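Good morning, and thank you for coming. Please look at the structure on the screen, and I shall describe how it is put together.

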Amino acid sequence: MSESSASYVPTVLQDAVNWAQKYSLFTYPFATACCAMEFMSTMGSRYDIARFGAEFPRFSPRQADLLIVIGTITERQAPVLRRIYDQMPDPKWVMAFGVCASTGGFYQNYTVTPGADQVIPVDVYVPGCPPRPEQVLDGLMALQNRIQEHRGHCQVEIGNTAAIGYTDRRRLPVMQDGTSMTLLPEERMPQDGRVR
Amino acid sequence: MAARLLEFLTRERPAALVETGAHVGDEIAVVHREHLVEVLTLLRDHAETKMNMLSDLTVVDYLGQQPRFEVVYQLYSIPRKHRLRIKVRIGDDDGECWVPTATGLWHSANWSEREAWDLYGVRFEGHPDLRRILMYEEFVGHPLRKDYPQNGRQPLIRRPDAPATDDQTTRLLADSHDRRVS
């Protein structure tokens, strides 16, 4: 077997996995504000996000692979968003829905986080206040392209090991004390394995 | 109707009043802090007034004036269907920035006073549970005061690689910390 065909097989396998993942996104709607109305419209029969395979909202982050941050994130709520993100299994993607989730929008004040990307990585930003459903679908298609091209944030972090579907958080950047940097200090498992 | 309320107050508690007035049809009575609970109790319990509802309790910050804060009580009588606005003027020194609580008169005062404490830093002496209600416990300062920096964010959490907040915000927050300390 030549050298080129040896790398060809895993690449094709990766492409097939990416293709499957981009058409079966299970969404977790983190809906905090008025953008949720537009999300409902996008979910509904008129715009029908089901055409893109992302019609199945999971209300447990453990069953979701696309976190949609819909609406304003306050500084008080940011740790909650981070915890939700950390609870999602890899591979996972994040969409910021509307300007508040993207940049804080017009809430330039003491209480609103200037964008969900201050707390978690974001793959796709959908502008608008609120965005029209067409924009959301456009953003979803952009994300699908990203997944197919293996450019999602978790895919880039984990590298080409995602082909089998199981990924190992230990491959992510590690803090000096040996724990994953995606967890808060108080959320990290103690070394003796005790569950808090 | 409400003009009768002002007459009533002038007749019953002339010593408590700083001034009275009206704005677009709403009668206002400014009272001394030491007479506040007395006046509120009278308005709630007297057969002529029966102000059994505290519809709102707010604070106004007149930065640069003395006294700086105005605590505003919006009273309403459900049986008599009349309204009255009671105001108390207080300064911003630590020893001055307080009013007695109204929780003993209306239960609705509890959360309103916590909100006023949280956002303006007005202490309500005698309140059973004066904690922040909107901001988090770690928050420093009182954000609706006019001298709080407009973008003074105090994040609880940030990604290690998060986009930097702009320098101006950081500087404003540091300034306000300094002012509070000094």
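Strand 2 of chain B, residues 26-31, and strand 5 of chain B, residues 83-90, pair in the parallel sense, and four bridges link them. Which strands of chain B touch helix 2 of chain B, where that helix packs on the sheet? They are strand 2, strand 4 (69-76) and strand 5 of chain B. Helix 2 itself covers residues 36-45 of chain B, and its direction makes about 175° with that of strand 5 of chain B.

Let us now view the sheet as a whole. Five strands of chain B form an open sheet in the order 1-2-5-4-3, and the pairing is mixed. At its edges are strand 1 (17-23) and strand 3 (53-61) of chain B, each of which pairs on one side only. On average, and with direction ignored, neighbouring strands of this sheet are turned by 20° against each other. Another helix, helix 3 of chain B, made of residues 109-120, lies across strand 3 and strand 4 of chain B. The angle between helix 3 and strand 3 of chain B is about 10°.

To place these pieces in the chain, we may read along the sequence. Chain B contains four helices and seven strands, and from the N terminus on they run α-β-β-α-β-β-β-β-α-β-α. Of the 182 residues in chain B, 25% are buried. If we take the contacts in chain B between residues at least 6 apart in sequence, 48% of them join residues at least 24 apart.

I turn now to chain A. Here there are six helices and four strands, and the pattern along the sequence is α-β-α-β-α-β-α-β-α-α. Buried residues account for 38% of the 196 residues in chain A. Among its contacts between residues at least 6 apart in sequence, 76% join residues at least 24 apart.

Strand 3 of chain A, residues 93-97, runs parallel to strand 4 of chain A and is joined to it by three bridges. In one of these pairings, Phe97(A) has Val126(A) in strand 4 of chain A as its bridge partner.

From helix 2 of chain A, the residues Glu38(A), Ser41(A) and Thr42(A) meet Pro133(A), Val136(A) and Leu137(A) of helix 5 of chain A. By class, this contact has three nonpolar, two polar and one charged residues.

Let us stay with helix 2 of chain A, where Met43(A) has its place. Why is Met43(A) classed as buried? It is buried because 20 other C-beta atoms lie within 10 Å, and 20 is the number at which a residue counts as buried. Leaving aside residues up to four places away in sequence, Met43(A) touches Ile49(A) and Glu55(A).

The two chains also meet: 16 residues of chain A are in contact with 17 residues of chain B. On the side of chain A, these comprise eight nonpolar, four polar and four charged residues.

Finally, a word on confidence. The mean pLDDT of chain A is 78, and 74% of its residues reach 70 or more. Over residues 160-185 of chain A, pLDDT stays under 50, as it does over residues 187-196 of chain A. Where pLDDT is low, the predicted coordinates should not be read in detail.

How values were computed
Residues numbered from 1 in each chain as written. Chains lettered and ligands numbered in written order. Predicted model: local features only at pLDDT ≥ 70, side-chain atom pairs only at ≥ 80, totals over all residues. Contact = placed C-beta atoms within 7 Å. Nonpolar A, V, L, I, M, F, W, Y, C, P; charged D, E, K, R; others polar. Pairing = 2+ DSSP bridges. Helix = DSSP H or I, 4+ residues; strand = E, 2+ residues; numbered from the N terminus. pLDDT = per-residue confidence, 0-100. Axes fitted to C-alpha atoms, helices over the stretch in contact; angles between N-to-C directions. Buried ≥ 20, exposed ≤ 12 C-beta atoms within 10 Å, placed from the backbone.
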